[in-house]
Amino acid sequence: MQFHHHGYVSGDPRVSPASGTGLDRPEELPDEVDVLIVGAGPAGMILAAQLSQFPDITTRLVERRPGRLAIGQADGIQARSVETFQAFGFAGRIIDEAYRITEMCFWGPDAADPSKIVRTDRAVDDATGVSEFPHLIVNQARVLDYFAEVMRASPSRLVPDYGLEFVALEIAPDGDHPVEVTLRETTGPHEGRERRVHAKYVVGCDGARSGVRESIGRTLVGASAAHAWAVMDTLAVTDFPDIRTKCAIQSQAGSILHIPREGGHLFRMYVDLGEVAPGDNGAVRHTTVETAIAKANDILHPYTLDVKDVAWYSVYEVGHRLTDKFDDVPAGEPGRSPRVFITGDACHTHSAKAGQGMNVSMQDGFNLGWKLAHVLTGRAPERLLDTYSAERQVIAKNLIDFDREWSTLMAKKPEEFENPKELGEFYVRTAEFPAGFMTEYPPSMLIGEATHQRRATGFPIGKRFKSAPVVRVADANPVQLGHHHRADGRWRLYAFPGAGAGTADGDPVFEHWADWLATSPQSPVVTFTPAGSDLDALFDVKVVYPQAHVDVDITAVPPIFLPRTGPFGLIDYEKVYAAAPGDDVFDLRGVDRDSGCVVVVRPDQYVAHVLPFTATDELARFFAGALLEPARS
């Protein structure tokens with residue numbers, strides 16, 4: 001973490017000085033806002049946390065609850081989400097608090113006595129090292145708390161406006177704030193009173209029964225799997241040996257997905273209630289917690305479960321539903337930019353057992369947040385917003401397809417499996433998907449063609465930038481390269497020069513590229529960085545040399561990698577790295593060691609392009625299609 005570059009900081013460096021909308025922020029919701037977010041769930045909170053970093057944007061977040069969420073339904077945090085938490089600065093703290101999944105055990109009927117269950121398999125959670133971050137379990141409410149902390153510490157001092165529910169919206173054909181939103185107070189002395197707010201953009205993060213979705217004419221399409229599950233967060237005494245390990249349990253009496261929770265004692269059980277009878281009309285949802293506990297004991301036989309306390313309980317039917325588009329633009333209306341967006345459960349619903357709902361919803365919000373910021377600050381054309389629905393709707397469809405297969409397997413009876421290890425093998429075979437790393441965006445104005453992918457095979461274009469160990473040259477500190485990618489709306493350019501760079505012989509091709517990037521009128525850094533801003537205000541440019549850090553002469557590093565920052569023009573030494581001994585990033589990520597390359601990464605951590613240093617025209621054209629030149633005085 002970098003600070004002191006604007007002067008000595010004696011307090012918490014995570015708290016930014018208030019500026020823009022954070023100065024004298026009105027407690028009362030204003031009549032006009034740039035972005036109105038409806039719903040303070042995971043998608044709404046990450047979206048607000050991202051936009052809170054831009055104090056010149058008036059962002060407000062309304063939530064019908066009277067205050068913070070006390071306990072949430074979701075609890076599974078995939079490794080991709082933890083990577084995202086790192087971008088917001090709280091990955092380390094939430095890892096310390098959470099339960100960490102390292103293995104999953106599988107239980108099935110004992111061949112000698114099928115009325116009893118035995119452990120049939122055990123799988124490592126991340127056998128292939130898909131991420132340096134772990135798979136976590138922590139209550140959704142705590143995730144929201146961390147994002148709320150980010151918002152409060154941001155320059156805009158953003159906090160949710162609790163006690164306001166969405167009623168309706170109308171979109172005017174023109175005007176600076178064309179979306180009129182009707183809200184209703186849900187608490188306090190004016191409960192029931194309605195008021196209207198005008199916004200440039202509205203984002204519905206208001207769940208499966210989304211009023212925002214209905215207001216723009218979108219519908220969730222899909223069906224129920226006609227299978228019900230009880231879910232309970234429980235404190236209990238038991239002789240079941242794997243009570244502190246994630247388990248898939250299948251017996252003659254049904255199935256349980258068992259998930260230990262944070263704190264060392266709490267655990268969650270999804271208890272199979274079986275097929276829902278035709279004409280049930282929701283009666284299964286009234287299944288009592290006592291019935292679910294008795295069912296769990298039947299499934300766990302010969303082990304027993306003595307429940308002492310139930311912190312949370314619910315019953316749900318598995319359903320898979322999806323909208324055809326995640327914004328308000330009707331199909332076949334060219335030139336019409338979206339004004340209203342939907343995220344998370346408002347546009348895709350599925351079972352809870354794959355642990356995807358909160359995770360995918362947060363990626364929806366992260367994807368949209370920086371794009372809205374780019375457009376509202378004049379960094380990018382409004383057509384950038386078309387890419388939100390185009391990118392995320394396909395991802396949601398893939399999620400539902402995966403979840404349908406996983407939830408079907410979980411509901412199968414033991415005798416229906418040809419191979420008793422089928423469930424465990426599916427879990428291992430598909431591990432990258434539930435970890436959040438199968439997302440791959442296709443070529444667009446934000447994703448280049450894979451023409452030069454061979455130069456860095458381990459950084460697939462369209463997929464998230466996979467971090468790797470490196471050594472910071474200035475202080476010899478070992479660090480993870482991707483951990484400095486903050487949720488600050490900046491693009492990253494990672495230069496991996498060829499073998500001669502950093503030595504007396506040098507690498508003329510790389511050095512020419514570095515000089516071009518710093519000085520050429522065609523350079524995106526020169527073209528798109530606002531006048532009067534620090535050199536790295538929009539582009540965070542880093543270099544990773546192929547040799548050991550002791551062999552890099554920092555005085556010979558091109559100036560683009562040692563930019564001046566802040567009012568004192570201090571040198572930033574945290575952009576120059578070298579390969580780590582034993583964990584060489586060039587080998588780990590398949591980077592061309594002879595010629596090197598540049599890897600372009602979007603503000604949301606997805607690889608946008610891989611280019612040789614000679615492809616300056618391609619680099620310039622790519623950013624010319626994604627960004628707008630700032631107004632020059």
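Let's start at a strand pair. Ile171 stands opposite Val179 in strand E10. E10 covers residues 179–185. Strands here are DSSP runs of E, at least two residues long, and helices are runs of H or I, at least four, all numbered from the N terminus.

A word on the source. This is a predicted model: local features need pLDDT of at least 70, side-chain atom pairs count only at pLDDT 80 or more, and totals for chains, interfaces and linings use all residues. Residues are numbered from 1 along each chain as its sequence is written, and side-chain values use heavy atoms, with hydrogens and water left out.

Back to E10. What joins strand E9 to E10? Seven bridges do, and the two run antiparallel. E9 is residues 164–171. Strands count as paired if DSSP finds at least two bridges between them. E10 also pairs with strand E11, residues 194–204, in the antiparallel sense over six bridges. There, Val181 has Val197 in E11 as its bridge partner. E10 is mostly covered, with five of its seven residues buried. Buried means under 20% relative accessible area, with a 1.4 Å probe and protein chains only; exposed is over 50%, and partly exposed lies in between.

Next, helix H2, residues 79–88. Here 10 of 10 residues are buried. Among them are Arg80, Glu83 and Gln86. The buried residues of H2 pack against helices H1, H3, H4 and H7, and against strands E3 and E7. Just after H2, Gly89 takes a positive phi of about 90°.

A cavity is a set of points on a 1 Å grid over the protein atoms alone, where a 1.4 Å probe fits but cannot get out; lining residues have an atom within 4 Å of a point. How many cavities of 30 Å³ or more does the search find? Three, over the whole structure.

Last, the cores. A nonpolar core is a set of buried Ala, Val, Leu, Ile, Met, Phe, Trp, Tyr and Cys residues joined through side-chain atoms within 4.5 Å. The largest has 114 residues, and Trp491, Trp513 and Phe561 touch the most other members. A second, separate core of 24 residues includes Ile395 and Phe459.

Notes: 1 Å grid on protein atoms, 1.4 Å probe; cavity = no way out; pocket = protein on both sides within 12 Å on 5 of 7 lines; lining within 4 Å. Points joined across faces, edges and corners; volume = space filled by probe spheres on them. Contact = heavy atoms within 4.5 Å.
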